[in-house]
Amino acid sequence: MDIEVLVDWKLANVTPIHKKGQKEDPGNYKPVSLTLVPGKVMEQIILSAIMRHVQDNQVIRLSQHGFMKSRSCLTNLISFYDKVTHLVDEGKAVDVVYLDFSKAFDTFSHSILLEKLASHGLDGHMLRWVKKCLDGWAQRVVVNGVKSNW
């Protein structure tokens, strides 16, 4: 059975939403991707299947906080603080290095993503769905009704 994903499901308008500060500063906006409802529903179905697989197979460590349900930067900070204070209480030295990965996920290789999912045992049928969804994915920026190229 061949899998088909409608082209319209793979098109997104990215709209900047003001989050804080001066509106003249582009850094004060976050991009929001607007897609059709059927595409969003399909994303959620695929996400649920992938998350169920990685949780059932313990692919993601308990120390992972980002992009996990009921976990956040705050829960990560609390966990970190608890570990550091425990080590200091034991008289051990603690070194901390902060890294900024804020731009690390702006782009990613679809082929590497598919390889990683396959290496963690994701079902071939689900992999074909993900590949079909990623093939031909396009987005454009829309500001005040003016649209960029796809």
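Colleague: What limits apply to the predicted model?

Modeller: Residues are numbered from 1 along each chain as its sequence is written, and side-chain values use heavy atoms, with hydrogens and water left out. Local features need pLDDT of at least 70, totals for chains, interfaces and linings use all residues, and side-chain atom pairs count only at pLDDT 80 or more.

Colleague: Which residue of E2 stands opposite His18?

Modeller: E1 pairs with E2 in the antiparallel sense. The residue in E2 opposite His18 is Tyr29.

Colleague: Which residue of E4 stands opposite Val142?

Modeller: E3 and E4 are joined by two bridges. Opposite Val142, the residue in E4 is Lys147.

Colleague: How many Å does helix H2 reach from its first C-alpha to its last?

Modeller: H2 covers residues 73-89, 17 residues in total. The expected span is 1.5 Å times one less than the number of residues. The expected value is 24 Å, and the helix comes close to this, reaching 24 Å.

Colleague: Which backbone nitrogen does a side-chain oxygen of Ser72 reach at the start of H2?

Modeller: A polar contact is a pair of N or O atoms within 3.5 Å; within protein, one must be able to donate a hydrogen and the other to accept it, and residues adjacent in sequence count only if both atoms are side-chain atoms. Here the oxygen comes to within 3.2 Å of the nitrogen. That nitrogen belongs to Leu74.

Colleague: Is Leu134 buried or exposed?

Modeller: Leu134 is found in H4 (residues 124-134). Buried means under 20% relative accessible area, exposed over 50% and partly exposed in between, with a 1.4 Å probe and protein chains only. Because its relative accessible area is 17%, Leu134 is buried.

Colleague: What is the relative accessibility of Gln58?

Modeller: Gln58 lies in the loop between H1 (37-56) and H2. This residue has a positive phi of about 50° although it is not a glycine. Gln58 counts as exposed because its relative accessibility is 69%.

Colleague: How much space lies in the second largest pocket?

Modeller: On a 1 Å grid over the protein atoms alone, a pocket is an open set of points where a 1.4 Å probe fits, with protein on both sides within 12 Å along at least five of seven lines; lining residues have an atom within 4 Å of a point. Grid points are joined across faces, edges and corners, and the volume is the space filled by probe spheres set on the points. Of its 16 lining residues, His65, Ser72, Cys73, Asn76 and Leu77 lie nearest the centre. The space in this pocket is about 610 Å³.

How values were computed. Helices (H or I, at least four residues) and strands (E, at least two) are DSSP runs, numbered from the N terminus. Two strands pair if DSSP finds at least two bridges between them.
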